[in-house]
Amino acid sequence: MQISIKTRYGLQAMVYLARAGRICSAREISQKENIPFNFLEKIFSKLKKEGLIKAQRGSQGGYSLVCSPQKISIGKILKTLEGTIFSISCKKDCFSQRGKKKCPIKNVWKKIQYALNSTSDSITLADLIGKPR
């Protein structure tokens, strides 16, 4: 499992918005968090499309969270930007070396996938910024 730079920057920007609790310009976030501006705009486009942030136009415009940090899970952000956190790519006809039993490792991968998904879904932006639930 490897998390892309896009996802790391996206989490970083979402934490910034959660801490700020206000509308912030992409330029401000880019400068304060050292995220390339054009890259951040692309990340925000995905987050906005998924309904995690909203944009406000105008001279006082920028981005803000759609809801409270307590309601936004890290899992949702990861899935939006990464697609899937952990995937299993076993073949349907995966057999052990004996050639008789189904691959015993597949169940291990499923358990790991479930644990990663449930853990990331249980952690919110509020947890990352130290706000009580």
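Among contacts in the chain between residues at least 6 apart in sequence, what percentage join residues at least 24 apart? The share is 62%, where contact means heavy atoms within 4.5 Å.

**Figure 1. Overview of the predicted chain.** This is a predicted model, in which local features need pLDDT of at least 70 and side-chain atom pairs count only at pLDDT 80 or more, while totals for chains, interfaces and linings use all residues. Residues are numbered from 1 along each chain as its sequence is written, and side-chain values use heavy atoms, with hydrogens and water left out. The chain holds six helices and two strands, these being DSSP runs numbered from the N terminus (helices: H or I, at least four residues; strands: E, at least two). Their order along the sequence is α-α-α-β-β-α-α-α. Of the 133 residues in the chain, 35% are buried (under 20% relative accessible area; exposed is over 50% and partly exposed in between, with a 1.4 Å probe and protein chains only).

**Figure 2. Crossing of helices α1 and α2.** The axes of α1 (residues 5-20) and α2 come within 11 Å and cross at roughly 110°; axes are lines fitted to C-alpha atoms, for helices over the stretch in contact, and angles run from 0 to 180 degrees between N-to-C directions. Helix α1 is therefore roughly perpendicular to α2, a class covering angles of 65 to 115 degrees (under 35 is roughly parallel, over 145 roughly antiparallel, the rest oblique). On the α1 side, the contact is made by Gln 12, Ala 13, Tyr 16 and Leu 17, and on the α2 side by Glu 28, Ile 29, Lys 32 and Glu 33. These residues divide into four nonpolar, one polar and three charged (nonpolar: Ala, Val, Leu, Ile, Met, Phe, Trp, Tyr, Cys and Pro; charged: Asp, Glu, Lys and Arg; polar: the others, Gly among them).

**Figure 3. Asn 34 in the loop between α2 and α3.** The loop that contains Asn 34 lies between α2 (26-33) and α3 (37-49). Although Asn 34 is not a glycine, its phi is positive, at about 55°. Asn 34 counts as exposed because its relative accessibility is 63%.

Figure 4. With a relative accessible area of 14%, Thr 80 is buried. A polar atom of the Thr 80 side chain lies 2.8 Å from the backbone oxygen of Lys 76. When neighbours within four places in sequence are left aside, Thr 80 is in contact with Lys 46, Leu 47, Glu 50 and Leu 52.

Note on methods. A polar contact is a pair of N or O atoms within 3.5 Å; within protein, one must be able to donate a hydrogen and the other to accept it, and residues adjacent in sequence count only if both atoms are side-chain atoms.
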